[in-house]
Amino acid sequence: MKQKNILITGGAGFIGSHVVRLMVHKYPETNFVNLDLLTYAGNLENVADVAGNPNYTFVRGDIRNAEFLKDLFEKYNFDGVIHLAAESHVDRSIENPLAFVETNVLGTVNLLNTARNWWQDDFDDKLFYHISTDEVYGSLGKTGLFTEQTPYDPHSPYSASKAASDHFVRSYHNTYGMPTVISNCSNNYGPNQFPEKLIPLFINNIKNNKPLPVYGDGQYTRDWLYVLDHARAIDTIFNHGKSGETYNVGGFNEYTNIDLIHLLCDLMDDKLNRPAGTSRQLITFVKDRPGHDKRYAIDATKIKRELGWQPSVNFEEGLSKTIDWYLQNENWLKNVTSGDYQKYYDRMYAGR
Ligand code: NAD
Ligand code: DAU
């Protein structure tokens with residue numbers, strides 16, 4: 001039987017690196033190619049521990065470059081694609097929407113086109129799996145959950161670009177019969193997340209006694225999922241998901257930002273041996289994010305019912321493990337927060 005070759009895009013980023021590690025170890029008979037441009041968010045340190053595995057290859061390249069993708073498919077004859085590469089930060093999308101169109105929309109369509117041309121519409125045993133976000137569904141009121149039937153209503157340039165890419169993936173299924181699956185996941189947290197997102201940014205700021213910039217009144221709700229649970233869901237969906245389907249993935253774990261930040265501050269005081277209440281004093285309410293979505297919450301019953309996946313990590317335990325990882329990996333944090341990061345941080349928080 002032919003050995004399978006699977007393309008994982010964005011495998012040097014936060015979620016992608018956990019997917020790469022899980023799959024390379026779990027499927028030693030399958031070859032995995034990790035394609036990543038190594039933008040500010042991509043970091044080979046995230047996957048350094050799998051670099052020597054015989055079933056793993058890293059390729060630096062850009063999903064916006066169709067010629068490059070064509071050569072890559074020719075070289076590796078991929079059977080499947082797990083597509084995570086993206087611009088992923090809402091605040092950056094507000095600053096530069098076009099970058100999100102280019103990577104998230106054009107990049108995804110390039111990848112779909114290349115796969116279709118290479119497979120020549122013979123899709124036997126092939127699969128294109130697109131990783132998306134719950135943000136495409138817009139914002140919830142006080143009650144209710146996003147289901148797979150919730151109409152799309154994206155509000156930020158980031159979520160609009162992800163929604164557009166989801167539509168293109170579905171269109172390739174409907175128009176050309178390409179086997180595709182999409183999953184829409186809630187907020188991830190865990191090791192290796194770039195410290196522009198809420199949890200790693202606040203861990204880093206608390207460690208350095210810097211203010212914690214809480215947007216608006218802090219009464220915004222997110223549904224948090226430990227990144228390894230998301231990686232397990234991606235493995236499950238890639239191997240058992242039904243072509244043409246969408247699966248919502250979430251933690252059934254809603255927190256308002258301010259409650260989460262209080263919990264984080266208290267855990268940090270404990271771990272840093274600071275008197276109780278020290279970190280909470282760093283909380284600073286700043287100007288709100290424009291178009292800030294009030295509440296996200298995922299109904300993840302379909303993936304549980306049909307594929308048997310459910311979250312396994314309790315939030316307090318996951319958050320505690322996450323803090324430990326950042327405290328133990330000072331060099332990782334130092335490497336990603338120098339230079340460009342500092343400029344980004346000064347620019348982003350200057351007017352708040
Ligand atoms: P990330 O920003 O940490 O990683 C993105 C990766 O994509 C980086 O390694 C980057 O170098 C790479 N990349 C960017 N542009 C590229 C290009 N043009 N060509 C090749 N590679 C490129 O993102 P993440 O948080 O790991 O998110 C991964 C995926 O999951 C994204 O599609 C995102 O929309 C989705 N998602 C994220 C979350 C979350 O909470 N982080 C939740 C749901 C869905
Ligand atoms: O819901 C899934 C999405 O979750 C993913 O698709 C995105 O890629 C990911 O970045 C994340 O988006 P959010 O905008 O929800 O994540 P972020 O960490 O930027 O913000 C979480 C909440 O915290 C949000 O309500 C804004 C708030 N926040 C964020 C930052 C960075 C603050 O109050 N202060 C901050 O400094």
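# Close-up views of a predicted model

By the side-chain distance rule applied here, the count comes to 15 salt bridges.

**View 1. A salt bridge between E95 and R347 links two helices.** The side chains of E95 and R347 meet in a salt bridge, with an N to O distance of 2.5 Å. Because E95 lies in helix α3 and R347 in helix α12 (residues 340-350), the pair ties together parts that are 252 residues apart in sequence.

**View 2. K302 forms a salt bridge with E245.** The closest N and O atoms of K302 and E245 are 2.5 Å apart. K302 belongs to helix α9 (residues 301-307), whereas E245 sits in the loop between α7 (227-240) and β10 (246-249), so the pair ties together parts that are 57 residues apart in sequence. K302 counts as buried because its relative accessibility is 11%, and buried means under 20%. E245, with a relative accessible area of 24%, is partly exposed.

**View 3. E254 forms a salt bridge with R295.** Here the closest N and O atoms are 2.8 Å apart. E254 lies in strand β11 (residues 254-256) and R295 in the loop between β12 (283-286) and α9, so that parts 41 residues apart in sequence are tied together by the pair. At 39% relative accessibility E254 counts as partly exposed, while R295, at 8%, counts as buried. Elsewhere in the model, salt bridges that share partners join R92, E196 and K197 into one network.

**View 4. R92, a member of that network, also makes a polar contact with Y40.** R92 is found in helix α3 (residues 90-95), and at 15% relative accessibility it counts as buried. The contact runs from the side chain of R92 to the side chain of Y40, at a distance of 3.2 Å.

**View 5. Ligand 1 is surrounded by 29 residues.** The closest of these residues are I15, D36, S88, Y158 and K162. Backbone N or O atoms also approach oxygen atoms of ligand 1: that of T39 lies 3.0 Å away, that of L38 lies 3.4 Å away, and that of A86 lies 3.5 Å away. Taken alone, ligand 1 exposes 840 Å², of which the protein buries 96%. At least two residues of the shell are supplied by each of α1 (14-26), β5 (127-133), α5 (157-176) and β7 (187-189), and the largest share, 3 residues, comes from β5. By class, the shell around ligand 1 holds 13 nonpolar, 12 polar and 4 charged residues.

**View 6. Ligand 2 is surrounded by 25 residues.** The closest are D134, Y158, R289, H292 and Y349. Side-chain atoms meet oxygen atoms of ligand 2 in several places: an N or O atom in the side chain of R289 is 2.6 Å from one such oxygen, a polar side-chain atom of T133 lies 2.7 Å from an oxygen of the ligand, and a polar side-chain atom of N187 likewise lies 2.7 Å from a ligand oxygen. Taken alone, ligand 2 exposes 690 Å², and the protein buries 95% of that. The elements giving two or more residues to this shell are α6 (198-207) and β8 (212-215), and the shell residues divide into 12 nonpolar, 7 polar and 6 charged.

**View 7. L38 and D125 have positive phi angles.** Most residues other than glycine have a negative phi. L38, although not a glycine, has a positive phi of about 60 degrees; it is found in the loop between β2 (31-36) and β3 (56-60), and at 21% relative accessibility it counts as partly exposed. D125, also not a glycine, has a positive phi of about 65 degrees. D125 lies in the loop between α4 and β5, and its relative accessibility of 60% places it among the exposed residues.

**View 8. L98, V101 and L106 form a nonpolar patch on the surface.** Together these residues have about 270 Å² of accessible area. L106 is found in helix α4 (residues 97-119), and at 48% relative accessibility it counts as partly exposed.

Technical notes
Residues numbered from 1 in each chain as written. Chains lettered and ligands numbered in written order. Predicted model: local features only at pLDDT ≥ 70, side-chain atom pairs only at ≥ 80, totals over all residues. Heavy atoms only, no water. Near = heavy atom within 4 Å. Polar contact = N/O pair within 3.5 Å; in protein donor to acceptor, adjacent residues only side chain to side chain. Areas by Shrake-Rupley, 256 points an atom, 1.4 Å probe, with all protein chains shown as cover. Helix = DSSP H or I, 4+ residues; strand = E, 2+ residues; numbered from the N terminus. Nonpolar A, V, L, I, M, F, W, Y, C, P; charged D, E, K, R; others polar. Patch = residues over 30% accessible without salt bridge, like charges linked within 9 Å, V, L, I, M, F, W, Y side chains within 5 Å. Salt bridge = Lys/Arg side-chain N within 4 Å of Asp/Glu carboxyl O. Buried < 20%, exposed > 50% of the residue type's maximum accessible area, 1.4 Å probe, protein only.
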